[in-house]
Amino acid sequence: HVGYFWNKIRKDFAIVQEHSTLPPVNEFFGSPRPILPQFGVGLQFGFPGIRHWFLDAEGIYLIQIQNNRFIFNWRKLQSNKPYPRYEVLRKKFSKYLNLFKSFVAQQDLGQVSFELFEAHYVNQWPLQDGKSFGEVIGGWLKLVPSQVTSLEFEQANISSQFLVKGD
C-alpha cells in the first residue's frame, strides 16, 4: 500500500528508504510522570515493522510512515539553505497528511485515527559576541543560575506539553 501512496507524492519525494520502526510513545495523561528511568524488554513475533522514508531530491524534506506514525521533517543538511519557518512547515505537513488520509480512504483501508500529535520546533539562538550562553539566555528567561554562566555551553531545551481534550 505504501508504494501506491508514493505514486501520489513521487514528484515531490523522489527517494524512498526503509528503516526500522520507532518505538511506541507513552504519554501519562492525568497522572504524574515517572521520576525514575523506565526500562523494558519487548518480544516481537512475526515480521518486523518497517518505517518508510520519503525524501525530496535534496533530502531536506522527509515524510516517515510506519504502522502507527506519520512524521514530517525538515532537515538542515546544507548550511546555505534557510530554515523555512514554522508556518511553511505546518502547511506542508497538513498538505501531505491530508493526502495520506485521502489515500487511505480511497484504498478502503479504514480510517486514520490519532493517538498523539507531537510537534518539535527548534530554533537556534546565536550567541552575542563575548557573552556566554548563560548570560544571554539568563537575561531572557531568568532561569539560569549564576553558577552555570561560566560553564561551557553544550545544549539547552525548553519544553511544553498540552493536553488536547476531545476530538
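**Rings and charges in a predicted model**

Modeller: The charged end of Lys92 sits 4.7 Å from the centre of the Tyr61 ring, over that ring.

Biologist: What puts a charge over a ring?

Modeller: NZ of Lys or CZ of Arg must be within 6 Å of the ring centre and within 35 degrees of the ring normal. Arg10 also lies over a ring face, that of Trp6, 3.7 Å from the ring centre. This is a predicted model: local features need pLDDT of at least 70, side-chain atom pairs count only at pLDDT 80 or more, and totals for chains, interfaces and linings use all residues. Residues are numbered from 1 along each chain as its sequence is written, and side-chain values use heavy atoms, with hydrogens and water left out.

Biologist: How many aromatic pairs does the structure hold?

Modeller: There are 9. Rings of Phe, Tyr and Trp (its six-membered ring) pair if their centres lie within 6.5 Å; planes under 30 degrees apart are stacked, over 60 edge-to-face, the rest tilted. Phe5 and Phe100 are edge-to-face, at 5.2 Å centre to centre and 85° between the planes.

Biologist: Which parts does that pair tie together?

Modeller: Phe5 lies in helix α1 (residues 2-9) and Phe100 in helix α2 (residues 85-106), so the pair ties parts 95 residues apart in sequence. Helices (H or I, at least four residues) and strands (E, at least two) are DSSP runs, numbered from the N terminus.

Biologist: Which cluster do ring pairs form?

Modeller: They link Phe5, Phe54, Phe70, Phe93, Phe100 and Phe103.
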